[in-house]
Amino acid sequence: MSTKKGFTIAEILTTLMVIAIVAAMTIPQLKKHQHRTEFETRLKKAYLTLEQSLDSALLSQYIEENGVMQWKGNAFQNNLAPELVAIKICNTSATMSQCMTVPSTTISYAIVTADGMSFGANDQTYYVDLNGPAAPNVIGKDIYVFELMKTSGYNKTKKQYTSCTTGSTTTNCEWKIVPSTSIGSGITQNIAARGWKITEW
């Protein structure tokens, strides 16, 4: 005579409880990793987008006289932003929060692109909010900083771009969008130096 053995309700409940505990511990980490990976991709895309808009603007609108940049007015607003595909433009303090909010910084002009990122400028410093005007609006979390710089190239030892002096006669100097080394403790530069890998959060 055969006897059939099965699991008791207590054993099944214990197994389900263990699975629930493991899932509760791993799912938040998986979501954080997915979020970080998405932001790394968006940050690299934002940098390339700025670089491409600068290249297009330089070809069509830039004149240099004695090593000094001769943009027509505001470099970002008049020259780079038109090269981007904007779905919203904010150019007054009353509308700026609809595009971008950067703590303790005045943004003079900002746009939101079709992919949901915001680009804004304060003189030759450019801010990118990877998730648009949505929170948290913190440098190093969703906001990253770039600068328009005349550079002689990337210094691999220092892991940053070398600035050419204004009026420099060095023939290998060119205008580039570079990760900021100063604003936000240089977090954008540090991420770029790691191959666009975010490890700060």
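The following legends describe close-up views of a predicted model.

**View A. Disulfides of the protein.** A search of the whole structure identifies two disulfides. One of the links is formed by C90 and C99, and C164 and C173 form another.

**View B. The disulfide between C90 and C99.** The sulfur atoms of C90 and C99 are joined at an S to S distance of 2.0 Å. The torsion about this S-S bond is about 75 degrees, so the link of C90 and C99 is right-handed. Both cysteines, C90 and C99, are buried.

**View C. The disulfide between C164 and C173.** In this bridge the sulfur atoms of C164 and C173 lie 1.9 Å apart. The link is left-handed, with -90 degrees about the S-S bond. C164 has a relative accessible area of 10% and is therefore buried, given that the term applies under 20%. C173 likewise counts as buried, because its relative accessibility is 13%.

**View D. The cis peptide bond between A135 and P136.** A135 and P136 are connected by a cis peptide bond, for which omega is about 15 degrees. P136 is placed in the loop between β6 (125–129) and β7 (143–155). As context for this view and for those that follow, most peptide bonds are trans, and most residues other than glycine have a negative phi.

**View E. N137 in the loop between β6 and β7.** N137 is found in the loop that runs between β6 and β7, where P136 also has its place. Although N137 is not a glycine, its phi is positive, at about 55 degrees. N137 is buried, because its relative accessible area is 12%.

**View F. D123 in the loop between β5 and β6.** D123 is located in the loop between β5 (118–122) and β6. The residue is not a glycine, yet D123 has a positive phi of about 60 degrees. With a relative accessible area of 57%, D123 is exposed, since that term applies over 50%.

**View G. Positive phi at D123 and N137, shown together.** D123 adopts a phi of about 60 degrees, and N137 one of about 55 degrees. D123 is exposed, at 57% relative accessible area, whereas N137 is buried, at 12%. D123 belongs to the loop between β5 and β6, and N137 to the loop between β6 and β7.

Terms used: Residues are numbered from 1 along each chain as its sequence is written. This is a predicted model: local features need pLDDT of at least 70, side-chain atom pairs count only at pLDDT 80 or more; totals for chains, interfaces and linings use all residues. Side-chain values use heavy atoms; hydrogens and water are left out. A disulfide is a pair of cysteine sulfur atoms within 2.5 Å. Buried means under 20% relative accessible area, exposed over 50%, partly exposed in between (1.4 Å probe, protein chains only). Helices (H or I, at least four residues) and strands (E, at least two) are DSSP runs, numbered from the N terminus.
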